[in-house]
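Please report on the predicted model shown here. Cover its confidence, its aromatic pairs and one of its helices.

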Amino acid sequence: MGQTGEPRRGHAYDGELGAAVARAQQGDDGAFAVAYRIVQPGLLGYLRGLVGDEAEDVASEAWLEIARDLGRFRGDGAGFRGWTATIARHRALDHLRRQRVRPRPAALEQDVLELPGPHSTHDQALESLSTEYALDLVRGLPRDQAEAVLLRVVVGLDGPAAARVLGKRPGAVRTAAYRGLKRLARELGGTGRELGGTGREPGGTGREVRETERDRGGDRDRGGDGHG
């Protein structure tokens, strides 16, 4: 919850998510499907920012591990969101390491892979354009800023949760997210477009910058590590 009382991105679903996870741990397949539907959009957006077009394959690997280890998870809905992001990040890093030693597809093969599927619609194409445009901008950020922005804006984690995923101090992650969001806001302002399509709420850049500024101010007030 932000200092103004406004829930952060995605947190409105965390109560339902926590309840679904608890039921899924008791063997309720329907509850696991509910948890998947809540988490998958943000998780997929995060992975697209890390591995691009192969995000769905990496997400599938991550969900296999999530399902296998679900009984070992302890925590609430927000904790589950962070836990799944950590697993997805590990699978993405493994994928990137494999890519370094595996030949890339030829240009023609890549073009075939990127052809729209038979169920594509005009609306889906527009949504994809918005998502890809935003994620292209995020991928252009320095790595620490890109991951911080993806975890906070797309996955919906707060500063401490994002820091646990990245293995960094919360202040360092907040600073990276602040710098990344400020840069994105400048670029988006110059084009008149919004950072939409990557999470549940479109156009969250300005609000997330304000929230991150408040977080950094709180770090300074507490004598915390607002810069890293």
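Helices here are DSSP runs of H or I with at least four residues, strands are runs of E with at least two, and both are numbered from the N terminus. This is a predicted model: local features need pLDDT of at least 70, side-chain atom pairs count only at pLDDT 80 or more, and totals for chains, interfaces and linings use all residues. Residues are numbered from 1 along each chain as its sequence is written, and side-chain values use heavy atoms, with hydrogens and water left out.

Helix α8 spans residues 159-166. Of its 8 residues, 6 are buried, so the helix is largely enclosed by the rest of the structure. Buried means under 20% relative accessible area, exposed means over 50%, and partly exposed lies in between (1.4 Å probe, protein chains only). The buried residues of α8 are Gly159, Ala161, Ala162, Ala163, Val165 and Leu166. At the start of α8, aspartate 158 places a side-chain oxygen within 2.9 Å of the backbone nitrogen of alanine 161.

## Aromatic pairs

The structure holds 5 aromatic pairs. Rings of Phe, Tyr and Trp (its six-membered ring) pair if their centres lie within 6.5 Å; planes under 30 degrees apart count as stacked, over 60 as edge-to-face and the rest as tilted. Two of the pairs are tabulated.

| Pair | Centre to centre | Between planes | Type |
|---|---|---|---|
| Phenylalanine 32 and tryptophan 63 | 5.8 Å | 90° | edge-to-face |
| Phenylalanine 73 and tryptophan 83 | 5.2 Å | 40° | tilted |

Phenylalanine 32 sits in helix α2 (residues 29-51) and tryptophan 63 in helix α3 (residues 55-69), so their pair ties together parts 31 residues apart in sequence. Phenylalanine 32 is partly exposed, at 22% relative accessibility. Tryptophan 63 is buried, at 8%. Ring pairs also link Phe32, Tyr36 and Trp63 into a cluster.

Phenylalanine 73 lies in the loop between α3 and α4 (77-99), and tryptophan 83 lies in helix α4, 10 residues apart. Phenylalanine 73 is buried, with a relative accessible area of 5%.

## Confidence

pLDDT is the predictor's confidence in each residue, from 0 to 100. Among the elements, α3 has the highest mean pLDDT (96) and helix α5 (residues 107-113) the lowest (33). Over residues 1-10, pLDDT stays under 50. Residues 196-210 also stay under 50. Where pLDDT is low, the predicted coordinates should not be read in detail.

How values were computed
Polar contact = N/O pair within 3.5 Å; in protein donor to acceptor, adjacent residues only side chain to side chain. Contact = heavy atoms within 4.5 Å.
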